[in-house]
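Hi,

Here is the structure we talked about. Please open it alongside these notes; the findings follow below.

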Amino acid sequence: MTFLGMPTTAPRGVGNLRGDESFPAAAHKALQDEQLRRNLGHATTTIRRKSGAVIGELPDWQELREAGSTLKANTMARLPELLDQLEANVTAAGGVVHWAADANEANQIVTDLVKATGHDRVIKVKSMATQEIGLNEALEASGITAVETDLAELIVQLGNDKPSHILVPAIHRNRAEIREIFLREMPGVDPALTDEPAELAGAARRYLRETFLSTKVAVSGANFAVAETGTLAVLESEGNGRMCLTLPETLITVMGIEKLVPTWRDLEVFLQLLPRASTGERMNPYTSMWTGVTPGDGPQNFHLVLLDNGRTAVLADEVGRQALHCIRCSACLNVCPVYERTGGHAYGSVYPGPIGAILSPQLTGVEDNASLPYASSLCGACFDACPVKIDIPSILVHLRNEVPHPRAEKAAFGAVAYTMDHPALYTRAQHAAKLSRHAKKLPPPLNGWTASRDLPEPPSETFRDWWAKR
Amino acid sequence: MRIALFVTCLADTMFPAAAKATVQLLERLGHEVVFPPGQTCCGQMHVNTGYQDQALPLVRRHVRTFAPYDVIVAPSGSCVGSVRHQHAMVARKAGDAGLAARAEDVGSKTYELSELLVDVLGIEDVGAYYPHRVTYHPTCHSLRMLRVGDKPLRLLRNVRGIDLVDLPAADQCCGFGGTFAVKNADTSTAMLTDKMSHVLETGAEVCTAGDSSCLMHIGGGLSRIDAGVRTVHLAEILASTQES
Amino acid sequence: MSSRELILGRIKAALGDTAVPEVTRDYRPAASEKADVELLIDRLVDYKAVVHRSDDVAGVVASLNPGRLVLPPGLDPSWVPADATVVDDEYQAEAVLTASTVAVAETGTIVLDGSPDQGRRRITLLPDLHICVVRPDQIVASVPDAIARLDPRRPLTWISGPSATSDIELNRVEGVHGPRNLHVILLGGAS
C-alpha cells in the first residue's frame, strides 16, 4: 500500500531517467564506434591531467573533501528545516517558491509560469534537473520554444543528439564533427567556418546574441542554494548563464531539493571543490549569485521550483542516500574506465557514469535501471576522484543486492554458496573443474569470457592437495 | 612468526603456484605457515554480484576459521579487501552484530602479501632472484581498497636480476571486476585490450600483479592473441631464488 | 495536501531518526594567509586576463582605445579619460569600466557586487571589453576570505578571466558570450 507522504520514485513516462535497453546491450553498440572512443579518450585524458594539476595546488584538498562530505550529510539530515528556511528567505527577498513532487508537476508549474508571461520562447542555462524531467519536451508540447544556450547543449540540440556527459553534454563530439553540425544546422553561419575551437565558440556567440537580447523568460538550474540567506548560485564558463540570469524579465529556477547548503559560509568549501574537480580550473570563468529580486538589476520576477522526483526515495535508503551529495562535477565520469569506453548514452539516463549508475536506479526504483549497478568493475577510481567523497563502489554493491536477479543466476549463486560452505563438496568440485580442461568456449551466460580470453589450464593438483602431501 | 594462510578459492583451485610460492617465501624468511583446512571462499563474488544473503554462511565460515589466528595472509588484494571491508557489512545487514565485530577483528589482522612483508615483517628485500624483464600491474583493490601504495614495487625493486619496467597508465583497471567480465563482457574486453597494449609497450616478458584473478583475465587475453607475455603472481617472483 | 506538505512529509519519513552529523572544517579558514598580489597577477594572466599595475587609471583606459564606453553611476570620475566616448546604453557599448569588491589571489577571481561603482550586472556582460580596477585592500588570499567579505544579499558576479568554454574536447578556449577581453588595473603603484 502506498499513501501520501511516503518517499516515492520518479514516475515513468516522463523525463529522461530510463533508457530503452540494458547497459550491456547499449554498450555493445557504443563500443563499435571507434571515433567515439577516440573522442572520449582524448577528452577524459585532458581533463584528468588538468584537474590533477589544480587539485595538487591546494594543500588542503583532502580536508575540503571531508568538509564537503560532512556538510552534505549534515544538510540531508536537516533537510525539512533547511528547506523551510530557504523558502522563507527567498520569499522575503521577493522570489516565489513552488514545490514539485515529481517531473509532471514541475513541468506543469514551469509551463504555466511561462504562459502567464505571454511569451512563447525561453532561454535556458544548462541544467541537469530540467533535462531529468524532460522540461524542453513539455514546453514544446505547449507551444513554447526552449533554446539551450550552453555551447555543448547547443551542439546537442542542433545535432538532434542526446547529452552524454553531465558537464560537457557533447563530449562525444570532436571539433570536426561540431563544425559539421554548425554548418548544417546553424542559420546564417559563415560557410568558411574552420574547426578551430575559438572560431566555433565565436560562431555560437554570433548565433545566440540576438536571442539573448530579445528573450524575456529564462529557465535555469542551480548549483547551490543557501538556506540561511536564500541565495542561489550558478557556476558557468561562457557567459550564457549570466545572460539568462540577468537580461530577461522573468527567471524560473528548477532545483532538486538536495542542492541546499545550510550557510553562506559553506560556499567557501564548494566553490573550491567544484571547479577543480569539474573543469579542472582554479575557478570557472563566471559564477552568478542572486538572492530573490534586486530592484533595477536583473529579472524582476523570480520563481524557484523545488523538485523531488524520486529524491525522497533515495533519501530513504540509508546506504544509497549519499548519492544525493553529488554536486554534478563529473569527476567520476572522467576517471571511469567504463565510461571512457562506452560513453554516456549507454547509461540511458541523463545521469551517466558512476554517479549515474547509483543515482538513476535509486531515482526510478532499481527494477527500472537494473543493469546500471553492474556497469562498473568496482575499480574504485570514482570514489577517489569524488570531491564530496561519495563511496560509489559501496553503493553499487549495495544496489546490486537490491535489484531483481535472474532466476537461473540466483540458483547458480545459491548452489555455489552451498558448495563453498561444505568443504567436502568444495574439494569434489575442485577436482571436477579439471574435467573442463581444454574447454575453449564456455556456454552462455559465461561465453562472454571466452569470446576474448582463454581459460587458464587447470593445474594438476590443487593447493590443498599439495599441502596435504607435505 | 606463525602466519595463517588464507589461500583464496581461486588460487587454491586454479593458481596453486601463487599459493605455494607464498608458503615457500614465508618459510624461507623463517616463519611458520599454517593452513586452516576449514577455509573455502570468502564470498566476494557473491557480495559483488548482489547475493549478500548467500554470502552470509561463507562469511560465518571464514570468520570461524580464521578467528583463532593472530596474523593472516592472502596472495590477493581483492580477497583481503573483501574480508576487511565487506564481511562486517554483510553481517550487519543480516542483523548479526556479534558476527560483525568478529569479522572486523579478523579483517584487521588479515594482510595482502606485500602488506605483510613490508608493514608487519618490516622487510623490503626478500632475497629473491628473477632475471627477467617484468612490468607490474597494481590491481584496483590493492591500490584503492587496501592502499598498498608502492609496497609491491619496493619489494620488486630489491629483486636481483630483475629488469623492472613501468607500466603506462598502470592505475587503470584491467577490466576484470569479477562477474563484470561476464555481465559486461564487451566493455571488459575493451578495457583489457588497452591494458594489454600497455603491457606490450613495455616489452616485458612477464606481467605481474598481486591478484590471480586480474592475472587470469590479463593472461587469458594475452594468450588469446599469442602475445608471448606470461602472467606471474608477485609471490612467485618473490619466492624465486638463484637456486630455484 | 499541498505538494509542499507532501514533499516535507516524504523527507521526514525518509529520514526517520537519522542523527545530524557534525561538520568537519579542517581546511584553511579565512584569514589564514596574507594576500599575495604577485600570485593574483600570475593567476589572472594564466587565465588570459591582461594586468596593468598603475595608479593612472584614465591613462591606461585611454591607451586601450576602448571606443564607446559605458560606466556605472558611482564610478570615480577621475578614472575616465577626458576624451572618452561615454554612452548610456550598454547594448551600444564596446567597453565597460568598473571598480570591484574583492579579488581572490589564489584563484585569480574578481567579484563584483553591484555597488554604485560597479553598476548593474548587465553593463559588465554585454560589452566586449571589461576594464576592472582593483584596490590593494580588496585583494584577499583565498575563497574563504572572499566569502567572509561579501554580502550575499547583493547580486554577485565572480569573474575569473574572460568568457571561456571547455565544451570542445574539454580544452579551455576564451571568447564566448561574455566579454572576450578582460583588463585588470591594479592600483597601489607599479612595482
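In chain B, the axes of helix α12 (residues 185-201) and helix α13 (residues 212-224) come within 10 Å. They cross at roughly 75°. An angle from 65 to 115 degrees counts as roughly perpendicular, so α12(B) and α13(B) are roughly perpendicular to each other. Keep in mind that this is a predicted model.

Which residues make that contact? From α12(B) come B:Leu192, B:Lys195 and B:Met196. They meet B:His217, B:Ile218, B:Gly221 and B:Leu222 in α13(B). By class, the residues of this contact are 4 nonpolar, 2 polar and 1 charged.

Now the chain contacts.

Chain A with chain B: 49 residues of chain A are in contact with 52 residues of chain B. Several helices of chain A each supply at least two residues to the side that touches chain B, among them α1 (23-30), α15 (337-342), α18 (392-402), α19 (407-420) and α20 (423-433). That side of chain A has 29 nonpolar, 12 polar and 8 charged residues.

Strand β9 of chain A (residues 286-291) pairs with strand β9 of chain C (residues 156-159). The sense is antiparallel, over 4 bridges. What stands opposite A:Tyr286 in β9(C)? The residue there is C:Ile159.

Best wishes

Definitions and conventions:
Residues are numbered from 1 along each chain as its sequence is written. Chains are lettered from A and ligands numbered from 1 in the order in which they are written. This is a predicted model: local features need pLDDT of at least 70, side-chain atom pairs count only at pLDDT 80 or more; totals for chains, interfaces and linings use all residues. Two residues are in contact if their C-beta atoms, placed from the backbone, lie within 7 Å. Ala, Val, Leu, Ile, Met, Phe, Trp, Tyr, Cys and Pro count as nonpolar, Asp, Glu, Lys and Arg as charged, and the others, Gly among them, as polar. Two strands pair if DSSP finds at least two bridges between them. Axes are lines fitted to C-alpha atoms, for helices over the stretch in contact, and angles run from 0 to 180 degrees between N-to-C directions. Angles under 35 degrees count as roughly parallel, over 145 as roughly antiparallel, 65 to 115 as roughly perpendicular and the rest as oblique.
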